[in-house]
Amino acid sequence: MSKNTETRRNEIYSLLVSNGKVKVKELAQYFHVTMETIRKDLNIMEDRGLLIKNHGGAEVLNEFYQLPLDIKITEHSLEKQKIAKAALPFIKDNSIIFLDPGSTTLYLAKYLRLKKGLTIRGRLIRK
């Protein structure tokens, strides 16, 4: 996927979240691409669970929707790595820690092997 395609899809999602719905024709004009290109974008985004397609456009799933982890982990990845590195000194060897499911804690989990004797607790994500 080209940088332009990724950028366009991110902008489409931002517009969708801001407005609650988008129209294919308006997006095609806004991005200076064909309506078929926008339909392909919306199809892929629907497959990823980002939106619901409707006649002539798409709408947000719900106002409390969160992006899937495989997408969230790529957003602000450098900042998430910095947070994880900054949190590591607060975790003492031989302690018990609780990790919630999240993209930032996933970065932290990668650094935990630098600690000794940790007991890690968490909760399962159920769909």
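Predicted model: local features only at pLDDT ≥ 70, side-chain atom pairs only at ≥ 80, totals over all residues.
Me: In which loop does Asn94 lie?

Reply: Residues are numbered from 1 along each chain as its sequence is written, and side-chain values use heavy atoms, with hydrogens and water left out. Secondary-structure elements are DSSP runs numbered from the N terminus, namely helices (H or I, at least four residues) and strands (E, at least two). Asn94 lies in the loop between helix 5 (77–87) and strand 4 (96–99).

Me: Is Asn94 buried or exposed, and what is its relative accessible area?

Reply: Buried denotes under 20% relative accessible area, exposed over 50%, and partly exposed the range in between (1.4 Å probe, protein chains only). Phi of Asn94 is near 60 degrees, a positive value in a residue other than glycine. Asn94 is exposed, with a relative accessible area of 63%.

Me: What is the phi of His32?

Reply: Most residues other than glycine have a negative phi. His32 lies in the loop between helix 2 and helix 3, and is exposed, with a relative accessible area of 72%. Although His32 is not a glycine, its phi is positive, at about 60 degrees.

Me: In which element is confidence highest?

Reply: The protein chain has a mean pLDDT of 87, and 87% of its residues reach 70 or more. Confidence is lowest in helix 4 (residues 69–72), at a mean of 70, whereas the highest mean, 96, belongs to helix 2.

Me: What pattern does the protein chain follow along the sequence?

Reply: The protein chain has six helices and five strands. Read along the sequence, these elements give the pattern α-β-α-α-β-β-α-α-β-α-β.

Me: With which residues is Leu27 in contact, leaving aside its neighbours within four places in sequence?

Reply: Contact requires heavy atoms within 4.5 Å. With neighbours within four places in sequence left aside, Leu27 is in contact with Ile12, Leu15, Val22 and Ile38.

Me: In what order do the three strands of the open sheet stand?

Reply: Two strands pair if DSSP finds at least two bridges between them. Strand 1 (21–23) and strand 2 (51–54) stand at the edges, each with a single partner strand, so one side of each is left without a neighbour in the sheet. The pairing is antiparallel, and the order is 1-3-2.

Me: Which residue in the turn of the hairpin has a positive phi?

Reply: Strand 2 and strand 3 form the hairpin, with two residues between them. The positive phi, about 85 degrees, belongs to Gly56.

Me: What angle does the direction of helix 3 make with that of strand 2?

Reply: Axes are lines fitted to C-alpha atoms, for helices over the stretch in contact, and angles run from 0 to 180 degrees between N-to-C directions. Helix 2 lies across strand 1 and strand 3, at about 70 degrees to strand 1. Helix 3 packs on the sheet, touching strand 2 and strand 3, and its direction makes with that of strand 2 an angle of about 135 degrees.

Me: How far apart in space are Ser18 and Val60, C-alpha to C-alpha?

Reply: Ser18 is placed in helix 1 and is exposed, with a relative accessible area of 61%. Ser18 and Val60 are 42 residues apart in sequence, and their C-alpha separation is 9.4 Å.

Technical notes
pLDDT = per-residue confidence, 0-100.
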